[in-house]
Amino acid sequence: PRTVVFAAGGTTRWYILNYLDSWPKGMSYWQGYLQEGGRRILNIVQMFFDHGVHTLFTHALTPGQFDVSKGEGYLPLALTSGMERLAGSSEFLHFYQEYGVRVNFFGDYRRVLEDSQYKDTLALFDEVVERTRTNDRHRLYWGFNSAEDQITPILELAVQYYRQHGRVPSREDMVRLYYGELV
């Protein structure tokens, strides 16, 4: 099946330049950004699917978004209302059902979200994966990577697998561990 990797960047700048008259102070723009940015990413994902793409890999969070230079309030909002929007808002859930999208998350999201203040976000991730498990027209993989180095999280998954199963994971096992299923 046709597969695409789409790496959006500069979405905050895009929102500020297109929807605000001046650079905002603090996180005052956040709700508008979620609304318009969410609508825009859904339009882009829909365009890919309408043009015959079956499987789309894109990111939900990248290492740069974990940088404190984004502002003190950015990361907690991104890990709650931002991630909860793509995993649990009616707009996204409706799209997933209408387009028959099977949703998965990959990266080190579980390690980051296991912190008690983000457990609701993690629960929504698990819920949307389960809710869309039988959808089969399209696949959407949301990447969640908190560090530049992706080798370390992958090695941690391999060690965890070895401890649980007493053997080195196969390639297929590693794909399942990292992406949630065989792709």
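This is a dialogue about how some labels are applied to a predicted model.

Trainee: What makes the contact between Glu36 and Arg39 a salt bridge?

Mentor: Their side chains meet at 3.1 Å, N to O. The cut-off is a side-chain nitrogen of Lys or Arg within 4 Å of a carboxyl oxygen of Asp or Glu, so the pair counts as a salt bridge.

Trainee: How far apart are Glu36 and Arg39 in helix H2?

Mentor: They are three residues apart in helix H2, so about one helical turn separates them.

Trainee: Why is Arg39 called partly exposed?

Mentor: The relative accessible area of Arg39 is 34%. Buried means under 20% and exposed means over 50%, so Arg39 falls in between.

Trainee: How many salt bridges does a search of the whole structure find?

Mentor: The search finds six. One of them joins Asp126 and Arg110, at 2.6 Å, N to O.

Trainee: What does the pair of Asp126 and Arg110 tie together?

Mentor: Asp126 lies in helix H6 (residues 119-131) and Arg110 in helix H5 (residues 109-113), so the pair ties together parts that are 16 residues apart in sequence.

Trainee: Why is H1 called roughly perpendicular to H2?

Mentor: The axes of helix H1 (residues 11-19) and H2 come within 10 Å and cross at roughly 110°. Angles of 65 to 115 degrees count as roughly perpendicular, so H1 gets that label.

Trainee: Which residues make that contact?

Mentor: H1 contributes Thr11, Thr12, Trp14, Tyr15 and Tyr19, and H2 contributes Gly32, Tyr33, Glu36, Gly37 and Arg40. These residues divide into four nonpolar, four polar and two charged.

Trainee: Which residues of the largest nonpolar core touch the most other members?

Mentor: The core has 43 residues, and those with the most such contacts are Phe49, Leu86, Tyr96, Phe105, Trp142 and Phe144. Helix H2 (residues 30-50) supplies the largest share of this core, nine residues.

Trainee: What is Tyr96 in contact with, leaving aside its neighbours within four places in sequence?

Mentor: Tyr96 is in contact with Leu86, Val101, Val103, Val128, Thr132, Asn135, Leu140 and Trp142. A second, separate core has six residues, among them Phe106, Tyr141, Leu157 and Tyr178.

Methods. Residues numbered from 1 in each chain as written. Predicted model: local features only at pLDDT ≥ 70, side-chain atom pairs only at ≥ 80, totals over all residues. Heavy atoms only, no water. Core = buried A, V, L, I, M, F, W, Y, C linked by side-chain atoms within 4.5 Å. Buried < 20%, exposed > 50% of the residue type's maximum accessible area, 1.4 Å probe, protein only. Helix = DSSP H or I, 4+ residues; strand = E, 2+ residues; numbered from the N terminus. Contact = heavy atoms within 4.5 Å. Axes fitted to C-alpha atoms, helices over the stretch in contact; angles between N-to-C directions. Parallel < 35°, antiparallel > 145°, perpendicular 65-115°, else oblique. Nonpolar A, V, L, I, M, F, W, Y, C, P; charged D, E, K, R; others polar.
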